[in-house]
Each structure stands twice: as C-alpha cells, then as structure tokens.
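Here's a walk through the model on your screen, one region at a time. Keep the viewer open and click along as you read.

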Amino acid sequence: MKKGGTPDLLVVGGGVWGTWTALQARRLGASVQLIEEREPGHPQTTSGDHSRIIRHSHGEDTLLLSWAQRSLAAWKELGAQVGEEIFVNTGVAWFVSGTGVWEGSSELRMREAGVPCERLTVDEALRRWPAVAGDHVRYVLLEPTAGFLRAGDGVRAAARALREEGGEIIRGRATPAADGTALDESGAPISAGATVWAAGPWLPTLFPALVGADAEASIVPTRRDAIYFDAPGMGLGEIPTWIDEGLAVWGIPDERGHGTKVGPEFDNGSFNPSEWPDAAHPGSIERARSCAVRFPRLSDAPIRESRACQHERTKSGHYVLDQHPDNPQVWLAGGGSGHGYKQGPAVGEMVARAALHRDPLVLPDRRFALRNRAGGPSSPMGDMGEPNS
Ligand SMILES: Cc1cc2nc3c(=O)[nH]c(=O)nc-3n(C[C@H](O)[C@H](O)[C@H](O)COP(=O)(O)OP(=O)(O)OC[C@H]3O[C@@H](n4cnc5c(N)ncnc54)[C@H](O)[C@@H]3O)c2cc1C
C-alpha cells in the first residue's frame, strides 16, 4: 500500500487485541493501518500493565482453552522473533479452597487437550513454595507450562513486528460514522476495505447503542487495582503465578524489581478510562492484604507500586466479537472482561481472517454476539452481575 492509500484493513485501537489483529492481517498479506490515540501498550490502557496471566484453565470452556493454546505458541514465537522474553514460564497454581468444581472441570479438559497439569497435595505445595500457607486449601492444581506475559512489552513487541513487516501505525483518534466506518479527527472519512474497532474500554462511548450500558452486549468499565508489594522470598522461582478463587485474588511473582503483584477480584465502582487515578483504592489494598492468609509475608509488606486499571467487562463475562449489524465490513472486538490479554494472538487472527473474508468467524454459539447473545459454558469470570459501588 502506498502511503496515504486505502488499506485493506483499518484497525482502531493499539491494545493487545488491535495490535495482534493488525499483525495477523499483515501476515495474511493484507495492507494494514493501525490508528492509536496514545501508543501501543501505553500504561493507561488495559493492556499496558507490567504483566498478565496466561493459563489454560477455563472450566468447561474448551473453546477458550484452545485459543489459549494457540495464543501461547504465538507469544513464544513473537518473543523469539523480537529477541525478548515476553512469556515467563512460572507455572500457574490454583489454590483450591472452594467446591473445586471449576478447577476439576479445567483439569479434565486440559488432560483431554494434552495440556500438562498436576495435582499437588498441600504438603507438596508447601515444600515447593515455602512462602505459601495452606490454610483451607484442599489441593493445588498446577499448570506447569503456563505463567505470565510481560503485558505492555508484549504489545510493544507486536507493534514493532507490525511495522517491520510492513504495517502502518498512525497516532490519532478515530470516531465512528453512522455506518460504523471511521472518521479522523477532522471528521473526514478514513477509507479502508474493512474496519475493526478494538478500542477496549472506550468502545461503549464510541458505540453506545451496540455496547453501551443498556445494550445486550454491554461493556462496562469498572475499576480494579493491582498492588505490587516489596515482599522478600516471593520472586521468580520462589512462588508460582497463582490464583485463589476462594479468596477471589490472584498474584504474580516479583520480577525485574516491579514487586510481588496481587490482584483482588473486586470492582471499585465505575471507571472513566480517560481519567486514571494514581493511587490504589483503600478497598483494594485491604483485599490484597487479606491474602496474607495464603502468603503471610504480605501482611506487613510495604507497597512498592499500585496501578488502577479499567476492567472492561460484559455482564456475562464473555467477550464481544461481532460484525456491525448495519455494515458487514465493520467489526467490533472488545469486552476482555479480565481475561482477554492472553488471547490476543488467537482473537486477532480470527478477527483478521473474518474481516478480510478469508474465513468466516465460525463459533459454536452466540456468546460473543452483539445481539441475541446465548449459549456456551459460563465464562471464566462467571456472571458478573452489577459492579460493586
Ligand atoms: C486488573 C486487570 C487484570 C487483568 N488480568 C488479566 C490476566 O491476568 N490475563 C488476561 O489474559 N487478561 C487480563 N486482564 C484483561 C486484559 O488486560 C484485557 O482484556 C486486554 O488487555 C484488553 O485489550 P484491548 O486491546 O481490548 O484494550 P486496550 O488495551 O485498552 O486497548 C484499547 C486501545 O484503543 C485505543 N483507543 C481507544 N479509543 C480510541 C480511538 N477512538 N481512536 C484510536 N485509538 C483508541 C486506546 O488508546 C488503547 O490503546 C486484566 C484486566 C484488568 C483490568
């Protein structure tokens, strides 16, 4: 494509989904433009934090399990291509203290899919990770081949690969015309063969009727915080990446001096994604400290950093991946609902193929649809109900 020419595909939004959609489209031979208001992997976007978990466990949801498998392979390939370690293989440990139904389904489905997983007794887990306390834990489900992705770095690496492979990244803000195609900041149409809107938590403002608060596939940005603690003995090799659904909290080992990360699954009300608070909400800090039950060193560990983050969630917890109802050349991809980062490569490939008419987006049910959403196993995050105020 000549500079200023009409690209086969325009992608709006350079978070993990948009950047990977653009990269995958380029790899299909299409000319691609990515328009991004900030910069790919900017810290004040959903994809711009230091880290995000990549796991295969998705309960009964074998579709998302298969996307995670494909995505993990693509993340590793991207890391090798750019000469950076984007994926860090810490293993992911599920501390099972509740009914274990979710983890039991995950284990069964992982074994069927050939994904390595192990059941550890509490004593085995305590021997491996001395920083852990086993109170209320029945057993630990370990995914030894999973871990975390260096999130902002991963998006920046995908953007670099996109440029090197001939894609164009433009700094700017697009808005949708009535038919869903894009307008630039002066209100002039941006011509493109097809357009994908991957604007994360900004999607509801851009498309209030399709994904606004009252829409069936509503995306509601709520506030979540990640707290980074200065806790000795909780770094890489000392603890795994972990999830405790009983405590409703997860964590990632300290690495590169960021601190031991703890993420309470707790909504602190609504979030305007264009205004980012600096400090963590006291409710999140309290929740993060409460996981001293599992990691006693966190009870009085100093906080090194905290990050607010918008959780662009749908009510069902399922993503939004669909064609604009009035314009088949326009696609919406968003509503990551706290579990979308890892799937960037797989989602990007499917959306790119569909938007470029290489393959229709064939899904087993309508769980990701804009309208008449139905079907599919319950989401990994469950029905999210109303946000906490
Ligand atoms: C606290 C927290 C923890 C999470 N943990 C995990 C996890 O462990 N594992 C996991 O897989 N997922 C996790 N997630 C979810 C994951 O981070 C998101 O699903 C994913 O990052 C969303 O990516 P995105 O590309 O859709 O959105 P974003 O990353 O927000 O990207 C949207 C982009 O669009 C741009 N943009 C917006 N409007 C416009 C416009 N009009 N014109 C041009 N550009 C525009 C923005 O600047 C931004 O760069 C977590 C989320 C949160 C909040």
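## Before we start

Two residues are in contact if their C-beta atoms, placed from the backbone, lie within 7 Å. With that in hand, take Val320: leaving aside neighbours within four places in sequence, Val320 is in contact with Val211, Ala217, Ile219, Thr314, Leu332, Ala333, Gly334, Gly335, Phe368 and Leu370.

Some housekeeping. This is a predicted model, where local features need pLDDT of at least 70 and side-chain atom pairs count only at pLDDT 80 or more, while totals for chains, interfaces and linings use all residues. Residues are numbered from 1 along each chain as its sequence is written.

## The overall picture

The protein chain has nine helices and 19 strands; helices (H or I, at least four residues) and strands (E, at least two) are DSSP runs, numbered from the N terminus. Its radius of gyration is 20 Å, close to the 21 Å that the globule rule gives for 389 residues, so the chain is as compact as a globular protein of that length. That radius is taken over C-alpha atoms, and the rule is 2.2 Å times the number of residues to the power 0.38. Along its principal axes, the C-alpha trace spans about 60 × 45 × 45 Å.

Of the 389 residues, 52% count as buried. Buried means that 20 or more other C-beta atoms lie within 10 Å of the residue's own; exposed means 12 or fewer, and partly exposed is in between, with C-beta atoms placed from the backbone. As for contacts between residues at least 6 apart in sequence, 73% join residues at least 24 apart.

## The core

Which residues touch the most other members of the largest nonpolar core? They are Leu9, Val320, Leu332, Ala333 and Val351, out of 104 residues in that core. Helix H2 (residues 62-82) gives the most to this core, with eight residues. A nonpolar core here is a set of buried Ala, Val, Leu, Ile, Met, Phe, Trp, Tyr and Cys residues joined through C-beta atoms within 7 Å.

## Around the ligand

The shell around the ligand holds 38 residues, and Gly13, Gly15, Gly200, Gly336 and Gly340 come nearest. A residue is near a molecule or strand if its C-beta atom, placed from the backbone, lies within 6 Å of it. Helix H1 (16-27) and strands E2 (32-36), E3 (51-54), E13 (219-229) and E17 (303-314) each supply at least two residues of the shell.

By class, the shell has 14 nonpolar, 17 polar and seven charged residues. For that tally, Ala, Val, Leu, Ile, Met, Phe, Trp, Tyr, Cys and Pro count as nonpolar, Asp, Glu, Lys and Arg as charged, and the others, Gly among them, as polar.

## A three-stranded sheet

E3 turns up again in an open sheet of three strands, in the order E3-E8-E4, with antiparallel pairing. E3 and strand E4 (87-88) stand at the edges, each with a single partner strand, so one side of each is left without a neighbour in the sheet. Strands pair if DSSP finds at least two bridges between them. E3 and strand E8 (residues 147-150) have four bridges, with Arg52 opposite Leu149. Two bridges join E4 to E8, and Val88 stands opposite Phe148.

Both faces of E3 are covered: Ser51 and Ile53 on one side and Arg52 and Ile54 on the other are all buried.

Start with Val96 in strand E5 (residues 92-96), which counts as buried with 24 C-beta neighbours inside 10 Å. Val96 and Tyr139 are 43 residues apart in sequence, but 5.6 Å apart C-alpha to C-alpha. Next is Ala215, in the loop between helix H7 (208-211) and E13; with 17 C-beta neighbours inside 10 Å, Ala215 counts as partly exposed. The C-alpha atoms of Ala215 and Arg371 are separated by 8.5 Å, although these residues lie 156 residues apart along the chain.

Most residues other than glycine have a negative phi. Arg256, however, has a positive phi of about 55°; Arg256 is found in the loop between strands E15 (249-252) and E16 (260-264) and is exposed, with 12 other C-beta atoms within 10 Å. Asn372 also has a positive phi, near 50°. Asn372 is found in the segment after helix H9 (344-355) and is exposed, with 9 other C-beta atoms within 10 Å.
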